[in-house]
Amino acid sequence: MIKAIRGMRDLLPPETARWQWVEQVAREVFVLYGYREIRLPLLERTELFARSIGADTDIVGKEMYSFTDRKGESLTLRPEATASVLRAVLENGLDKGGGVKKLYTLGPMFRYERPQKGRYRQFYQINCEAYGVEAPELDAEVILLLLNILKRLQLGEMRLLINSLGCPECQVKFKAALGLFLISREGLCEDCQRRRTTNPLRVLDCKSVHCKEILKDAPVIRDYLCADCAAHFARVLELLSRFGVAYEEQPRLVRGLDYYTRTAFEVVAPGLGAQDAVAGGGRYNGLSQELGGPVLPAVGFAIGEDRLLEVLPRDPLCQDREFKVFLAALGGAARDRAFALLQELRQHDIAAEMDLEGRSLKAQMSVADRLRADCVIIIGEKELTDNKAQVRDMTDAHQQSISFAGIVDHLVMVKERRANVEEILNQTPAPR
Ligand code: AMP
């Protein structure tokens, strides 16, 4: 039997209901903050990622799914969305006209990483990107938006880690100091030995325990920020404090991509083991020019949906609560009548299903149970003669005879009543 590719999972029902719920909540929050959706190709020219993410990063160096197409062009399955969104923004002139431009996108990303818990080769992100404004208010707003999504999803414990990576001038000075520090250190991993001269910032992102140990005494970028970058960072932090956000400054946080300038942040959650970042992001003011575009300050984040779903409570809010009807029909004529009623119910927005295989009433009732139907309509020969069906309420087992002409109205009413009760229950404060 052919199996799925290593590191690529099937997402199955009923779990997919939770995914839909997460995405629905994210979409609702994006709308509140003025974001609109953009949908992009999964394939891009390899050069787009090599130029944006950085040649020395793990992603570009060893994790991309790249291949040459029939015309000999190198293409890559997107490992992240920021570069693609910006490519689309520039290509379609969405940056024109001034002011802030806000976009979000959802979908799969591909990285050839070693699969383990919370790390897949096809994984899903919810991405947020805002363009055109350099003000620290936008950094703060993007972080508040992210936390708003996570709070609405009832993510329990989480920590916001934050740092400033400065502008290119700060980075030149810091890289020189860091490079100098690293040059005399022994025992760095092979990658870091190379990176300490090519791109010492990358060493800060190394996962090796030994490299981490060496870095404990390394200089920190905070000490190399120019006055503007320091003021920008201070303002972001001030705004976060003002809106009650607890953050932890992490002077060595650089993230795995080269394009960040100034603010960089990550949200980590306990219970995920080594792969504990559920979201990450930051500012990338230089990326547009890097891709041949105009000056276009930008800030954004990506939520890792796979990891987020791992730590979210299995909340009843995302359970499948749709009001559902099952039609149990006995005999060919009854089945024909039921099939017509089935279509009519759906026309009236009532989810309905029926048996199509002529099973016994007992077997059909157990299917209704399995589907967690709210009501079952039973149609046999007698019901056809009387022009009435048996309607059974599965919550209290009450059964009544209702004329075929009145069934749809009856079920619409039951559905509404059920929805009202649920609304009242949802408004009741949870017991302390
Ligand atoms: P990045 O695009 O590297 O900034 O990552 C943003 C978020 O995507 C991370 O915080 C993770 O939650 C998620 N993520 C990144 N790589 C993977 C992966 N291989 N498997 C699952 N989630 C991932």
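**View 1. Pairing of β12 with β13.** Strand β12 (residues 324-329) and β13 run parallel and are joined by four bridges. Leu-327 has Met-354 of β13 standing opposite. The structure shown here and in the views that follow is a predicted model.

View 2. Five strands form an open sheet in the order β13-β12-β14-β15-β16, and their pairing is mixed. Because β13 (351-354) and β16 (399-403) each have a single partner strand, they stand at the edges, and one side of each is left without a neighbour in the sheet. From one strand to the next, the twist averages 25°. Two helices lie across strands of this sheet. Helix α12 (residues 332-347) lies across β12, β13 and β14 (375-379), and its direction is at about 165° to β13. Helix α13 (residues 361-370) lies across β12, β14 and β15 (388-393), running at about 170° to β12.

View 3. Leu-43 has Leu-77 of β4 as its bridge partner.

**View 4. Contact of helices α5 and α9.** Helix α5 (residues 136-152) and helix α9 (residues 227-242) have axes that come within 8 Å and cross at roughly 40°. This angle makes α5 oblique to α9, and the crossing is right-handed. On the α5 side the contact is made by Pro-136, Glu-137, Asp-139, Ala-140 and Ile-143, and on the α9 side by His-232, Arg-235, Val-236, Leu-239 and Leu-240. By class, the residues of this contact are six nonpolar, one polar and three charged.

**View 5. Contact of helices α1 and α5.** The axes of α1 and α5 come within 9 Å, with a crossing angle of roughly 140°. The two helices, α1 and α5, are therefore oblique to each other, and α1 passes α5 in a right-handed crossing. Helix α1 contributes Trp-21, Val-25, Ala-26, Val-29, Phe-30 and Leu-32 to the contact, while α5 contributes Leu-145, Asn-148, Ile-149 and Arg-152. Eight nonpolar residues, one polar residue and one charged residue make up the contact of α1 with α5.

**View 6. The aromatic pair of Trp-19 and Tyr-124.** Nine aromatic pairs are found in a search of the whole structure. One of them is formed by Trp-19 and Tyr-124, which are edge-to-face, at 5.4 Å centre to centre and with 80° between the planes. Trp-19 lies in helix α1 (residues 15-32) and Tyr-124 in strand β6 (residues 122-131), so this pair ties together parts that are 105 residues apart in sequence.

Terms used: Residues are numbered from 1 along each chain as its sequence is written. This is a predicted model: local features need pLDDT of at least 70, side-chain atom pairs count only at pLDDT 80 or more; totals for chains, interfaces and linings use all residues. Side-chain values use heavy atoms; hydrogens and water are left out. Axes are lines fitted to C-alpha atoms, for helices over the stretch in contact, and angles run from 0 to 180 degrees between N-to-C directions. Angles under 35 degrees count as roughly parallel, over 145 as roughly antiparallel, 65 to 115 as roughly perpendicular and the rest as oblique. A crossing is left-handed if the near helix is turned anticlockwise from the far one by less than a right angle, and right-handed if clockwise. Contact means heavy atoms within 4.5 Å. Ala, Val, Leu, Ile, Met, Phe, Trp, Tyr, Cys and Pro count as nonpolar, Asp, Glu, Lys and Arg as charged, and the others, Gly among them, as polar. Two strands pair if DSSP finds at least two bridges between them. Rings of Phe, Tyr and Trp (its six-membered ring) pair if their centres lie within 6.5 Å; planes under 30 degrees apart count as stacked, over 60 as edge-to-face and the rest as tilted.
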